[in-house]
Amino acid sequence: MQRANTIFLFILLFFSATTWGARYELFREGIPNASYEGIVPSLNPGDILTFSDGNEFTIEKLLGRGNTTLIFELKGINKALRLPLTRQDTSYIKDFVVGYRDLAAMNASINVYLEYRKDANYYEYAVVEKLTAFMPFTSFVTYMSSSETKRAAVQSHHRNRIIPEEMIQQFYVFAKKISLYSHIGDMHEENLVYDFTRKAWRLIDWTEDHEKSYSTKAGEIIFSYDTSPLQSLIKNYGTCTSFSFIAKSPRHLWLENMILEAHNIIAESRFQTLQIGFCEQIL
């Protein structure tokens, strides 16, 4: 009987540990846990994290890992938790938060930002919407430049959600939303994704070092060809100069046309903004 009770207690403890997980106080009064670097990379499903503001979150699984942050899916809610990788990386959470405020104020197309914790000199976490069905800009360009056989396989993977004409038109919408920026911190082809649910191109990561410009000069437009944040990708499909992008082959003409149109949309949007500002000054 005693042995049976012991076995039952062991099973109960094991079930409790795997179901509810461990509880970690990552920050107290703005100060990170001394074992932070050991805790965060080793988090398991069901682990509960608490912060200085009293908020607590239950981990579902790891979604992604960067050089300075970790992103976890949260249990029971359609949100993701962004954490600094180390105690020294809280500055990157700050960059993310500050950069968000500027982008949100300009109505840029960004991953919906929900809440964060700021205490003293620490930005402890950021909670963002969890994207469930998306395609990075890199993958879209590769898809568009692939054979029909390869396209069919990619379509199947994305459950036939890829509609090239729609995605190209939405790229123009995105270009207009960010038209007053000559630079967006850490914007590149992997941080720009197409959200199949919202049917829109959206940024999923950024820093705070954004720059704005009202100039319509090519070199100050964010999709200027040789200074584009997407340059490292598009240069594989054509030649970039200060004033043009020339496709390497007819198969890539769609990209040449898309980049040219986005460039023109941004220039026109800036011109209209300047006109409105000038009229307001007169009035």
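**Note on pockets, cores and ring pairs**

1. The largest pocket in this predicted model has a volume of about 720 Å³. A pocket here is found on a 1 Å grid over the protein atoms alone, as an open set of points where a 1.4 Å probe fits, with protein on both sides within 12 Å along at least five of seven lines, and its lining residues have an atom within 4 Å of a point. The volume is the space filled by probe spheres set on the points, which are joined across faces, edges and corners. Rolling a probe the size of a water molecule over the atoms shows where empty space is left.

2. Two remarks on the basis of the values belong here. Residues are numbered from 1 along each chain as its sequence is written, and side-chain values use heavy atoms, with hydrogens and water left out. Because the model is predicted, local features need pLDDT of at least 70 and side-chain atom pairs count only at pLDDT 80 or more, while totals for chains, interfaces and linings use all residues.

3. Which residues lie nearest the centre of the largest pocket? They are Gly64, Ile71, Arg82, Ile204 and Asp205, out of 28 residues that line the pocket. At least two lining residues each come from strand 5, strand 6 (69-74), strand 7 (79-84), helix 3 (90-105) and strand 9, where helices (H or I, at least four residues) and strands (E, at least two) are DSSP runs numbered from the N terminus. Strand 5 gives the largest share, four residues. By class, the lining holds 11 nonpolar, nine polar and eight charged residues; Ala, Val, Leu, Ile, Met, Phe, Trp, Tyr, Cys and Pro count as nonpolar, Asp, Glu, Lys and Arg as charged, and the others, Gly among them, as polar.

4. The second largest pocket holds about 190 Å³ of space. Its lining has 12 residues, with Ala108, Ser109, Ile110, Val112 and Arg202 nearest the centre, and the elements that give two or more residues to this lining are helix 3 and strand 13. Seven of the lining residues are nonpolar, two are polar and three are charged.

5. The largest nonpolar core has 46 residues, and those with the most contacts inside it are Phe137, Phe171, Leu192, Trp201 and Leu255. Such a core is a set of buried Ala, Val, Leu, Ile, Met, Phe, Trp, Tyr and Cys residues joined through side-chain atoms within 4.5 Å, and buried means under 20% relative accessible area, exposed over 50% and partly exposed in between, with a 1.4 Å probe and protein chains only. Helix 8 (253-282) is among the elements that supply at least two residues of this core, and helix 8 gives the most, with seven residues. Apart from this core lies another, of 18 residues, including Phe27, Ile59, Leu70 and Phe72.

6. There are 13 aromatic pairs, counted where rings of Phe, Tyr and Trp (its six-membered ring) have centres within 6.5 Å, with planes under 30 degrees apart called stacked, over 60 edge-to-face and the rest tilted. One of them is the tilted pair of Phe51 and Tyr125, at 4.4 Å centre to centre and 55 degrees between the planes. Phe51 lies in the loop between strand 4 (48-50) and strand 5 (56-65) and Tyr125 in strand 9 (residues 122-129), so this pair ties together parts that are 74 residues apart in sequence. Phe51 and Tyr125 are buried.

7. Is the pair of Phe140 and Trp201 stacked or edge-to-face? With ring centres 5.7 Å apart and planes at 65 degrees, the pair is edge-to-face. Phe140 belongs to helix 4 (residues 137-144) and Trp201 to strand 13 (residues 200-203), so parts 61 residues apart in sequence are tied together.

8. The charged end of Arg82 sits over the ring of Phe96, 4.2 Å from its centre, and that of Arg151 sits over the ring of Tyr143, 5.1 Å from its centre. The rule asks for NZ of Lys or CZ of Arg within 6 Å of the ring centre and within 35 degrees of the ring normal.

9. Glu29, in the loop between strand 2 (27-28) and strand 3 (31-32), has a positive phi near 50 degrees and counts as exposed at 66% relative accessibility. Asn160, in the loop between helix 5 (148-157) and helix 6, has a positive phi of about 60 degrees and counts as exposed at 59%.
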